[in-house]
Amino acid sequence: AEAARQTPGDSALHAFRIRAMMLTGGEEGAFDAICADLKATGEANLLAEMARLNFLTTKWGGSHEQMYGVADAAAANPPNAAFLALSARAWIEEWLYETAMNDDAEEKAAFRARRDSDDFRAGIAALDDRFHALLAGLPAPSRVERQVAHNNFAMLFHLNADKARLKPHLEAIGSAPMSMPWGYVFGENVPKGLNKLRK
């Protein structure tokens, strides 16, 4: 709260406020107030958008629709290609919930059917194509933004068994994998899991 008072124009601060609120809770309307403070900074911050997306996941009390709303808004007019990673992460979060947390058999079956559809495959392929096109056309993402993007896209294509699209993202990750979202499948030993995947 003191940091928000002293440096309200720092968008990263508001990302950490959202993350803290996920763990400690907050008064009614606090999330909306933080989002308004974030918007008022005028800064495009991938960390902050990822925090907003995570706060709105079903597992934290939001919904798939709210979560995808954040991703879709970012993808509509992204400041750089890395912001498309939010769409990849939204699907990963939906996958996690529907395969490990949801007890509703009909909802799980509907997710599996959508995941196996040609439309879904075409959709994630188009997202990947757009990511690569924007890398060439928009201002370059920072190194960290690029890593966030490649890690999330790699996870997306790993979960959907598309080795051809997975490979360039794995190569781009290099020796700097991120614990999330890989922790969802490899637990605490992400490097070992990724090395096996690379083989």
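Q: F153 and F157, buried or exposed?
A: F153 and F157 are both buried. Keep in mind that this is a predicted model.

Q: How many aromatic pairs does the structure hold?
A: Six aromatic pairs. One of them is F153 with F157, and that pair is stacked.

Q: What's the geometry of F153 and F157?
A: The centres of F153 and F157 are 6.5 Å apart, with 20° between the planes. The angle counts as stacked because it is under 30 degrees.

Q: Where do F153 and F157 sit in the helix?
A: Both are in helix α9, four residues apart. So about one helical turn separates F153 from F157.

Q: Which residues form an aromatic cluster?
A: W91, F111 and F120 form one cluster.

Q: Switching to the backbone. Which residues does the cis peptide bond join?
A: M180 and P181. Omega there is about 10°. Most peptide bonds are trans.

Q: Which helix has P181?
A: P181 lies in α11, which covers residues 179-186.

Q: Where is A161?
A: A161 is in the loop between α9 (143-159) and α10 (163-173).

Q: Is that residue, A161, buried or exposed?
A: A161 is exposed, at a relative accessible area of 68%. The call follows because exposed means over 50%.

Conventions:
Residues are numbered from 1 along each chain as its sequence is written. This is a predicted model: local features need pLDDT of at least 70, side-chain atom pairs count only at pLDDT 80 or more; totals for chains, interfaces and linings use all residues. Side-chain values use heavy atoms; hydrogens and water are left out. Helices (H or I, at least four residues) and strands (E, at least two) are DSSP runs, numbered from the N terminus. Buried means under 20% relative accessible area, exposed over 50%, partly exposed in between (1.4 Å probe, protein chains only). Rings of Phe, Tyr and Trp (its six-membered ring) pair if their centres lie within 6.5 Å; planes under 30 degrees apart count as stacked, over 60 as edge-to-face and the rest as tilted.
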